[in-house]
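This report goes through side-chain pairings, ring contacts and a few selected residues. Please keep the sequence and the model in view while reading.

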Amino acid sequence: FRSDYQVHKFDIMGNQIEFAFPNKRIRYVSRFDAQGRETEQLEYINGKLFVAERFTYVINAHGDWTKKHGTYWIANAPNLGYAPEENIYREITYYNE
């Protein structure tokens, strides 16, 4: 028996909706949009919400995201609201167009 085992749960679309370290009492819950893009991730420690992250996307004419914008909220500073976390950019080259 290992104390660092993980539990993973997936929805019917194959998105990982939960992943946890039960012995450490840490659990991550994710939500996805209809296109399978992660829109929110919640981190729980000892059963209490610790951090919430939200993601929005810029979508190109092909339906692929080219910018992912993340914000986060921390439970021990709730009055600060959601703060910018990161921007991830992707450059996609399409062949045969």
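## A buried arginine and its partner

Arg 37 is buried, with a relative accessible area of 15%. Buried means under 20% relative accessible area, exposed means over 50%, and partly exposed lies in between (1.4 Å probe, protein chains only). The side chain of Arg 37 meets that of Asp 33 in a salt bridge, at 3.1 Å from N to O. Asp 33 is partly exposed, at 23%. A salt bridge here is a side-chain nitrogen of Lys or Arg within 4 Å of a carboxyl oxygen of Asp or Glu.

## Basis and confidence

This is a predicted model, in which local features need pLDDT of at least 70, side-chain atom pairs count only at pLDDT 80 or more, and totals for chains, interfaces and linings use all residues. Residues are numbered from 1 along each chain as its sequence is written, and side-chain values use heavy atoms, with hydrogens and water left out.

The mean pLDDT of the chain is 94. That score is the predictor's confidence in each residue, from 0 to 100. A value of 70 or more is reached by 97% of the residues. Confidence is lowest in strand β7 (residues 83-89), with a mean of 95. It is highest in strand β4 (residues 38-45), at 98. Strands (E, at least two residues) and helices (H or I, at least four) are DSSP runs, numbered from the N terminus.

## Salt bridges

How many salt bridges does the structure hold? There are 4. One of them joins Arg 27 to Glu 18, with the closest N and O atoms 3.7 Å apart. Arg 27 is partly exposed, at 32% relative accessible area, whereas Glu 18 is buried, at 17%.

Glu 40 and Arg 31 also meet through their side chains, at 2.2 Å from N to O. Glu 40 is buried, with 12% relative accessibility. Arg 31 is partly exposed, with 45%. A network of salt bridges links Arg 31, Glu 40 and Arg 54.

## Rings and charges

A search of the whole structure finds 3 aromatic pairs. Phe 19 and Tyr 28 form a stacked one, at 5.2 Å centre to centre and 20 degrees between the planes. Rings of Phe, Tyr and Trp (its six-membered ring) pair if their centres lie within 6.5 Å; planes under 30 degrees apart count as stacked, over 60 as edge-to-face and the rest as tilted. Tyr 28 is buried, at 19%. Ring pairs link Phe 19, Phe 21 and Tyr 28 into a cluster.

Two arginines face rings. Arg 27, the salt-bridge partner of Glu 18, lies over the face of Tyr 44, at 4.6 Å from the ring centre. The charged end of Arg 90 sits over the ring of Trp 65, 3.9 Å from its centre. The test for a charge over a ring is NZ of Lys or CZ of Arg within 6 Å of the ring centre and within 35 degrees of the ring normal.

Glu 18 is found in strand β2 (residues 16-21). Contact means heavy atoms within 4.5 Å. Leaving aside neighbours within four places in sequence, Glu 18 is in contact with Val 7, His 8, Lys 9, Arg 27, Tyr 28 and Val 29.

Ser 30 lies in strand β3 (residues 26-32). Ser 30 is buried, at 9%. Its side chain makes a polar contact of 2.7 Å with that of Glu 38. A polar contact is a pair of N or O atoms within 3.5 Å; within protein, one must be able to donate a hydrogen and the other to accept it, and residues adjacent in sequence count only if both atoms are side-chain atoms. Not counting residues up to four places away in sequence, Ser 30 touches Gln 16, Ile 17, Glu 38, Glu 40 and Gln 41.

Tyr 57 lies in strand β5 (residues 48-59) and is buried, at 18%. Its side chain reaches the backbone oxygen of Glu 38 at 2.5 Å. Beyond neighbours within four places in sequence, Tyr 57 contacts Arg 37, Glu 38, Trp 65, Lys 67 and Lys 68.

Thr 71 is in strand β6 (residues 65-74). Is Thr 71 buried or exposed? Thr 71 is buried, at 16%. Leaving aside neighbours within four places in sequence, its contacts include Ala 52, Arg 54, Tyr 82 and Pro 84. Thr 71 and Thr 56 are 15 residues apart in sequence and 8.8 Å apart in space, C-alpha to C-alpha.
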